[in-house]
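Hi everyone, thanks for having me. Please take a look at the sequence and the structure, and then I'll walk you through a few parts of it.

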Amino acid sequence: MDTGRIDQIIDNYQGEASALIQVLLDIQSENHWLPKEALNRVSERLQVPLTRIQHIATFYKAFSLVPKGRHRVHICMGTACHVRGAPRILDTVQELTGIKPGETDVDLKFSLETVNCLGCCALGPVMEIGGKTHGKMAPAGAADVLKNYE
């Protein structure tokens, strides 16, 4: 992400330090993570200490300080999903993508995470990709869903 684009995002909020979290969210949304250079620029432009920005970026789970894939895959491991086969879904996704929970593939295509509950227990086991929920998953179905994402 170039400095000019970071400056545009900051300018959208009139350079107000009170908009720090929104600025970081916008950068994260476009870039899928918060590079060190972006944090330095935000610190400089908003006149907020870098340590404060790093504290916020590590406190909120919405932010990532490491590159993330274009498609974030969440596998629900909550009780309802677990007893209905979520571990097999997770195994299938790990096998197909070559990554474990918390990792991103080398092509920056997929990032894999497990979550405690996605709030749709009746649809379990559930896999969410890029905000789209796929319910009543089976291993073969998970493979088919992954094929739809470039």
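I'll start with the overall layout, then go to some rings, a pocket and a pair of strands.

A quick word on the ground rules. This is a predicted model, where local features need pLDDT of at least 70 and side-chain atom pairs count only at pLDDT 80 or more, while totals for chains, interfaces and linings use all residues. Residues are numbered from 1 along each chain as its sequence is written, and side-chain values use heavy atoms, with hydrogens and water left out.

Okay, the layout. The protein has seven helices and four strands; helices here are DSSP runs of H or I with at least four residues, strands are runs of E with at least two, and both are numbered from the N terminus. Reading from the N terminus, the order is α-α-α-α-β-α-α-β-β-β-α. Along the principal axes, the C-alpha atoms fill a box of roughly 50 × 30 × 25 Å. Out of 150 residues, 42% count as buried. By that I mean under 20% relative accessible area, with exposed being over 50% and partly exposed in between, using a 1.4 Å probe and protein chains only.

Now the rings. How many aromatic pairs does a search of the whole structure find? It finds two. Rings of Phe, Tyr and Trp (its six-membered ring) pair if their centres lie within 6.5 Å; planes under 30 degrees apart are stacked, over 60 edge-to-face, and the rest tilted. Phe 59 and Tyr 60 make an edge-to-face pair, 5.0 Å centre to centre with 90° between the planes. Then Tyr 60 and Phe 63 have centres 6.4 Å apart and planes at 85°, so that pair is edge-to-face too. Together, ring pairs link Phe 59, Tyr 60 and Phe 63 into a cluster. Is Phe 63 buried or exposed? Phe 63 counts as buried because its relative accessibility is 8%, while Phe 59 is exposed at 58% and Tyr 60 is partly exposed at 37%.

Phe 63 turns up again in the pocket. The largest pocket holds about 220 Å³ of space. A pocket here is an open set of points on a 1 Å grid over the protein atoms alone, where a 1.4 Å probe fits, with protein on both sides within 12 Å along at least five of seven lines; lining residues have an atom within 4 Å of a point. There are 13 lining residues, and the closest to the pocket's centre are Lys 61, Phe 63, Lys 68, Arg 72 and Glu 113. Which element gives the most to that lining? That's strand 2, with three residues.

Last stop, the strands. Strand 1 (71–76) and strand 2 (110–115) run parallel, joined by six bridges; two strands pair if DSSP finds at least two bridges between them. For example, His 71 has Phe 110 in strand 2 as its bridge partner. Strand 2 is mostly covered, with five of its six residues buried. Over in strand 1 sits His 74, which is buried at 16%. Leaving aside neighbours within four places in sequence, His 74 has contacts (heavy atoms within 4.5 Å) that include Glu 113, Val 115 and Leu 118.

Note on methods:
Points joined across faces, edges and corners; volume = space filled by probe spheres on them.
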